[in-house]
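Please read the report below beside the sequence and the model, and follow each named residue as it comes up.

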Amino acid sequence: TTLTYAWNKFIQNIGEWVVLWLIMLAIVIGGAIITGIVVAGAGVGGFSFRFNFIGIGFGLIFGALQGVMLVVVAKGAAMAVNGQKVDVGAAFKLTGNNIIAGVIFGVINGLLSSFCSVFGIVAFLFFGFLPILSALDDKGADGVSESINLSTSRSNETMLYWLVGWLITGLVCFLGAPIAMIGGTYMVKRYRGEPVAP
């Protein structure tokens, strides 16, 4: 299955994945702390609108950073699925399109999650392939429609996969993100009829 394949590829390069996970975790924790401090200060005096506006604003900024980080992880996943050793330094060599794709995904995810964390699943269901398409094909905004098409054309398989991937990622503090990206990359290449490393 896709998850079994992803797990095996994760284990093969576990040291590199842990490094990428720690960087992502630092961004998430740092963003949460900064947002909490700013929002707490903005909430003094009962200005609930200002409280929400600033909270959402910071959520979008750090959501964008997380989205770019997901593209970094997806670049590592592409290496793994192609049979290469995951190179952390190479994964961080981002193009303009990589950054655009990451920001788009992160902003969508951040905006939905700011209203209710469960809404963040919608970002993965329809746009989960965007970081992967950017990593594989250097897609930017043009990867949005392709991600939606991939998700909806095989909705039974893809949406169940992203649901499980979203749950795993959230339950283990983003450690599941590499597994989700490896599995998603495997699915894209399989749909295209492209070879994958055993």
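## A salt-bridge network

Arg192 and Glu146 form a salt bridge in which the closest N and O atoms are 3.4 Å apart, where a salt bridge is a side-chain nitrogen of Lys or Arg within 4 Å of a carboxyl oxygen of Asp or Glu. Because Arg192 lies in helix α10 and Glu146 in helix α8 (residues 143-153), this pair ties together parts that are 46 residues apart in sequence. The model is predicted, so that local features need pLDDT of at least 70 and side-chain atom pairs count only at pLDDT 80 or more, while totals for chains, interfaces and linings use all residues. Residues are numbered from 1 along each chain as its sequence is written, and side-chain values use heavy atoms, with hydrogens and water left out. The helices named here are DSSP runs (H or I, at least four residues), numbered from the N terminus.

By the salt-bridge rule, the count comes to 7 salt bridges, and the table gives three of them.

| Salt bridge | Closest N and O atoms |
|---|---|
| Lys139 and Glu146 | 3.2 Å |
| Arg192 and Glu146 | 3.4 Å |
| Arg192 and Glu194 | 3.8 Å |

To describe how covered a residue is, the report calls it buried under 20% relative accessible area, exposed over 50%, and partly exposed in between (1.4 Å probe, protein chains only). On this scale Glu146 is partly exposed, with a relative accessible area of 23%, and Arg192 is partly exposed at 31%. Glu194 is also partly exposed, with a relative accessible area of 33%. Salt bridges that share partners join Asp137, Lys139, Glu146, Lys189, Arg192 and Glu194 into one network.

## The buried interior

Helix α10 (residues 177-192) also holds Thr185, which counts as buried because its relative accessibility is 0%. Not counting residues up to four places away in sequence, Thr185 touches Ala74, Ala77, Ala78, Val81, Ile132 and Leu136, a contact being heavy atoms within 4.5 Å.

In soluble globular proteins, nonpolar side chains tend to be buried together. The largest nonpolar core here has 44 residues, and those with the most contacts inside it are Trp17, Phe129, Trp162, Met181 and Ile182. Such a core is a set of buried Ala, Val, Leu, Ile, Met, Phe, Trp, Tyr and Cys residues joined through side-chain atoms within 4.5 Å. Leaving aside neighbours within four places in sequence, Trp162 is in contact with Phe124, Leu125, Gly128, Phe129, Ile132, Ala180, Met181 and Gly184.

Phe124 and Leu125 are among the buried residues of α6, together with Gly120, Ile121, Ala123 and Phe127. Because 6 of the 8 residues of helix α6 (residues 120-127) are buried, this helix is largely enclosed by the rest of the structure.

## Helix α1 and the surface

In α1, the buried residues are Thr2, Tyr5, Ala6, Lys9 and Phe10. They cover an arc of only 135° around the axis, which puts them on the same side of α1; the arc is that of the directions from the helix axis to the C-beta atoms. Ile11, also placed in helix α1, counts as partly exposed because its relative accessibility is 38%.

Technical notes:
Helices (H or I, at least four residues) and strands (E, at least two) are DSSP runs, numbered from the N terminus.
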